[in-house]
Amino acid sequence: MSIKTYAQAIKDVLSEEMRRDNNVFVIGEDVAEQGGIFGCTRGLIDEFGPKRVRNTPISESAFVGLGVGAACAGLSPVVELMYMDFVYVAMDQLLNQAAKIRYMFGGKAKVPLVVRGQQGIGRGNAGQHSQSVEALFMHIPGMKVACPSSPADAAGLLRTAIRDDNPVMFFEHKALYAIKGEVPDDIEFALPFGKANIVKGGKDATIVASLLYVSKALEAAAEMEKEGISCEVVDPRTIVPLDIETIVNSVKKTGRLVIVHEAHRTNGMGAEIAAEVTERAFKYLDAPPQRLGAKHCTLPFNLGLENAVVPQVGDIVSAVKKTLYV
């Protein structure tokens with residue numbers, strides 16, 4: 001095991017996979033000499049050169065489309081978006097092309113494409129640079145969606161994503177890049193998609209959280225432990241495929257469910273999980289599921305207002321208690 005930051009774990013997997021497979025290459029804005037977002041591609045150009053680490057113009061529709069075409073031609077592109085907010089200008093390339101190609105060619109075509117980048121709050125980046133957009137990609141079949149919350153998850157899920165023959169949206173949170181954690185040194189270390197992680201065991205309520213909100217859920221659980229309330233914290237790791245079985249089994253044990261994420265509450269991941277659990281485990285629920293997410297408004301620039309829009313640790317505590325004291 002080595003102690004690495006989230007950003008270092010990503011960079012190391014990129015370099016290891018590029019050494020393993022000459023078809024893997026990286027493109028995006030400032031990924032070469034500038035080292036990409038939070039240094040996640042720093043130094044790659046020195047080892048692999050400008051043919052495999054390529055800066056692009058500021059045109060996400062163009063270079064995401066390039067990635068789709070390269071994947072179809074047998075290469076394994078890793079496309080970095082400077083902010084995941086910018087994915088909106090490449091939606092046709094992703095949702096109408098990449099997501100459908102394998103199906104439309106009867107499985108004969110492969111699309112080993114990874115699109116990764118930062119999203120989320122914490123730096124006052126305002127309405128066009130602070131969004132959490134992962135739920136948009138749950139709706140269209142054909143794409144996988146990974147949301148790592150720790151350095152080990154970032155490493156294990158990214159390796160799986162690069163080796164997958166399907167397009168993968170890989171969402172990283174800007175507030176996580178500096179966190180540190182243990183990461184296996186094994187260059188074959190990979191985490192399977194569709195397998196949730198029970199981050200903390202508990203018996204009184206289940207909290208499902210992703211990305212930055214895994215740590216906030218753990219904070220809330222620690223606060224409630226002082227009052228004798230035991231919460232189980234489940235991190236889905238991937239929301240497509242979604243390991244609903246692990247979540248349902250947790251709810252069968254605790255009888256209560258709270259889902260919290262930074263993306264907007266309306267039509268978010270929480271809505272889907274709440275619906276699935278209600279359909280599959282209604283008789284085990286002792287209270288209605290609670291969903292927490294960003295308010296239905298644009299993310300503000302002001303940090304105080306930003307915090308007012310997204311759930312806080314106290315909101316998670318209140319939601320859990322609401323399920324306990326119906």
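Hi everyone. Some ground rules before we start. The model is predicted, so local features need pLDDT of at least 70 and side-chain atom pairs count only at pLDDT 80 or more, while totals for chains, interfaces and linings use all residues. Residues are numbered from 1 along each chain as its sequence is written, and side-chain values use heavy atoms, with hydrogens and water left out.

Two strands pair if DSSP finds at least two bridges between them.

Okay, the sheet with seven strands. In what order do the 7 strands of this open sheet come? They go S3-S2-S4-S5-S7-S6-S12, and the pairing is mixed. At the edges you'll find strand S3 (53–55) and strand S12 (238–240), each pairing on one side only. Neighbouring strands are turned by 20 degrees against each other on average, ignoring direction. For angles like that, axes are lines fitted to C-alpha atoms (for helices, over the stretch in contact), and the angle between N-to-C directions runs from 0 to 180 degrees.

A quick reminder: strands of a sheet pair through backbone hydrogen bonds, either parallel or antiparallel.

Let's zoom in on S2. S2 and S4 run parallel and are joined by 5 bridges, with Phe-25 standing opposite Pro-77 in S4. S2 also pairs with S3 in the parallel sense, over 3 bridges, and here Val-26 stands opposite Val-53. Further along the sheet, strand S6 (residues 144–146) and strand S7 (residues 168–173) run parallel with 3 bridges, and Ala-146 has Phe-170 in S7 as its bridge partner.

So is S2 buried or exposed? Well, 5 of its 5 residues are buried, where buried means under 20% relative accessible area, exposed means over 50%, and partly exposed is in between (1.4 Å probe, protein chains only). In a regular strand the side chains alternate between the two faces of the sheet. In S2 both faces are covered: Val-24, Val-26 and Gly-28 are buried on one side, and Phe-25 and Ile-27 on the other.

Now for helix H3, residues 60–72. The expected span is 1.5 Å times one less than the number of residues. Which residues of H3 are buried? They are Glu-60, Phe-63, Val-64, Gly-67, Val-68, Ala-70 and Ala-71. These residues cover an arc of only 165 degrees around the axis, which puts them on the same side of H3; the arc is that of the directions from the helix axis to the C-beta atoms. Why does such spacing work? An α-helix has 3.6 residues a turn, so residues three or four places apart point the same way.

What do the buried residues of H3 pack against? Strand S2 (24–28), strand S4 (76–81) and helix H4 (91–104), with contact meaning heavy atoms within 4.5 Å. Just after H3, Gly-74 takes a positive phi of about 110 degrees.

On to H4. This helix has 14 residues and reaches 18 Å from its first C-alpha to its last, close to the 20 Å expected. There's a kink of about 25 degrees centred on Gln-97, where the bend is the angle between axes fitted to the seven residues ending there and the seven starting there. Buried residues in H4 include Leu-94, Leu-95 and Ala-98. The buried residues of H4 pack against H3, strand S5 (114–119) and S7. After H4 comes Gly-106, with a positive phi near 60 degrees.

There's another open sheet, with 5 strands in the order S9-S11-S10-S13-S14 and mixed pairing. Strand S10 (residues 205–209) and strand S13 (residues 257–264) pair in the parallel sense over 4 bridges, and Ile-207 has Val-258 in S13 as its bridge partner. Helix H8 (residues 269–281) packs on this sheet, touching S10, S13 and S14, and its direction makes about 155 degrees with that of S13.

Last stop: Ala-126, in the loop between S5 and S6. Ala-126 is partly exposed, with a relative accessible area of 21%. Not counting residues up to four places away in sequence, Ala-126 touches Leu-299, Pro-300 and Phe-301. Ala-126 and Phe-301 are 175 residues apart along the chain, yet their C-alpha atoms are separated by 4.0 Å.

That's it from me, thanks!

Conventions:
Helices (H or I, at least four residues) and strands (E, at least two) are DSSP runs, numbered from the N terminus.
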